[in-house]
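Please find below my notes on the model.

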Amino acid sequence: MSLINDSIHNLKPSATLLINQKVKEMRSNGNTIYHFGFGQSPFPVPHQIIRKLIKNAGNNNYLPTAGLPELRKEIAVFLKKHQNIKSDEDNIFIGPGSKELLYQTILILNGTYLIPKGSWVSYLPQVNVNNRAYAILETYLKDDYKLQPDALEAFCKKNKPQNRILILNSPNNPTGAIYTPEELKRLATVCREYDLIVLSDEIYSQLAFNTPFATSISNFYPEKTIVFGGISKVFSAGGYRLGYMMLPETFKVLENSYRSLFSETFSAVSAPIQYAAVEAFKYKKRTRQYVTAAATILDAIATYVYERLTEANIECTTPRGGFYLVIDFTNYTQAFKKINITDSVSLAKYLLEHYNVALLPGTDFYFRPDEYVFRLAFVDFNGKKALKEYQKNKKMPLNLKFIETFAPNIVLGIQKIIDFTNSLK
């Protein structure tokens with residue numbers, strides 16, 4: 001009998017964390033690396049949140065398993081005012097990151113998990129660890145790899161009725177795409193017809209470029225949508241490890257299961273962190289201004305990256321929010337044969353070794369190895385300096401000069417990618 005659980009034995013470290021560690025090691029050895037592989041917010045945690053953390057640093061109490069009541073109340077208000085999602089505070093649960101809450105949900109819910117191609121790296125590993133059935137649903141570049149209702153319906157028609165659980169992420173990691181209200185409405189129609197459960201990962205919601213927040217599918221399918229969010233992306237507090245989930249009223253039956261599981265695993269999220277999060281979700285004017293400024297800067301950099309790469313005949317998804325876009329080297333497939341590159345993993349290795357560019361291959365996001373697709377995270381810049389300069393003069397143009405000054409690694413790294421494609425011609 002194997003010492004290691006079979007479900008864990010073949011589990012690999014998270015690709016995003018692994019590449020970040022590798023880049024850190026290479027940089028510590030004196031190498032210049034253009035790091036497009038990791039999606040941590042480049043901006044500092046807002047001072048007002050830090051002050052609340054410091055003020056409560058001495059609080060060593062175990063808080064309620066479901067979370068601090070004050071925090072749950074603020075999140076319910078936040079969702080209503082700033083995401084147009086109606087919820088009762090009793091339906092909000094706090095955990096050590098939305099990632100952990102997703103994992104616990106997969107542990108609780110039996111069924112077949114439906115993951116659109118072009119989804120976050122950890123969805124499938126979490127499904128596999130829990131020995132759940134799954135299917136990867138086809139998506140296409142022309143749709144910015146957003147799941148289309150006909151693809152979802154085709155799967156549901158072809159497969160026998162059972163518990164089916166769709167994992168949806170908008171703004172999306174890795175594509176930067178955002179589902180429009182009309183697209184979500186059409187997906188919701190299919191979900192309702194086939195009685196799907198939806199796990200809606202909305203961790204980037206306020207980092208939408210042309211709107212205060214990304215629309216939630218729960219607006220159109222509230223009865224069976226579980227919403228997940230947190231403070232890691234919008235409030236740049238990834239290391240704080242705090243997330244929330246919102247159960248719909250119709251899933252009250254699950255509450256005891258969650259409470260029991262939480263009590264036997266993480267017990268409760270750190271008290272000082274929960275009190276700091278109260279300040280974040282109060283979403284006062286100063287915090288809103290911070291988030292708007294961060295989103296505006298990210299939008300400018302995303303636009304720069306998209307325009308430079310598309311000019312170089314590299315196909316890209318159109319970034320609408322978050323930190324990412326997907327780039328596609330399919331136009332260079334024939335040229336890759338001349339340098340013995342046969343899949344996206346070998347191409348990622350080649351770019352890192354020969355051009356000092358770190359990208360995550362599409363295989364980590366459920367693309368086939370022969371699809372030369374990569375996630376590019378455009379956050380390798382000094383967000384503190386960029387934010388300070390922009391806040392000082394909000395009328396300043398976020399033009400090429402601004403990007404060259406505050407995001408030089410982005411500029412130089414994109415040029416390296418273009419140099420690579422030029423070398424193939």
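1. Ser-200 stands opposite Val-227 of strand β7. The two strands concerned, β6 (residues 197-201) and β7 (residues 225-230), pair in the parallel sense over 4 bridges, pairing being assigned if DSSP finds at least two bridges between two strands. Strands (E, at least two residues) and helices (H or I, at least four) are DSSP runs numbered from the N terminus.

2. This is a predicted model, in which local features need pLDDT of at least 70 and side-chain atom pairs count only at pLDDT 80 or more, while totals for chains, interfaces and linings use all residues. Residues are numbered from 1 along each chain as its sequence is written, and side-chain values use heavy atoms, with hydrogens and water left out.

3. Strand β7 is also joined by 4 bridges to strand β8 (residues 243-246), and these two run antiparallel. Here Gly-230 stands opposite Gly-243 of β8.

4. Of the 6 residues in β7, 6 are buried (under 20% relative accessible area, 1.4 Å probe, protein chains only). Thr-225, Val-227 and Gly-229 point one way, and Ile-226, Phe-228 and Gly-230 the other way.

5. Helices α11 (residues 285-311) and α14 (residues 383-392) pack at about 110 degrees, with axes 10 Å apart; the axes are lines fitted to C-alpha atoms over the stretch in contact, and angles run from 0 to 180 degrees between N-to-C directions. That makes α11 roughly perpendicular to α14 (65 to 115 degrees).

6. In contact (heavy atoms within 4.5 Å), residues of α11 including Tyr-290 and Ile-297 meet residues of α14, among them Leu-387 and Tyr-390.

Technical notes: Angles under 35 degrees count as roughly parallel, over 145 as roughly antiparallel, 65 to 115 as roughly perpendicular and the rest as oblique. Buried means under 20% relative accessible area, exposed over 50%, partly exposed in between (1.4 Å probe, protein chains only).
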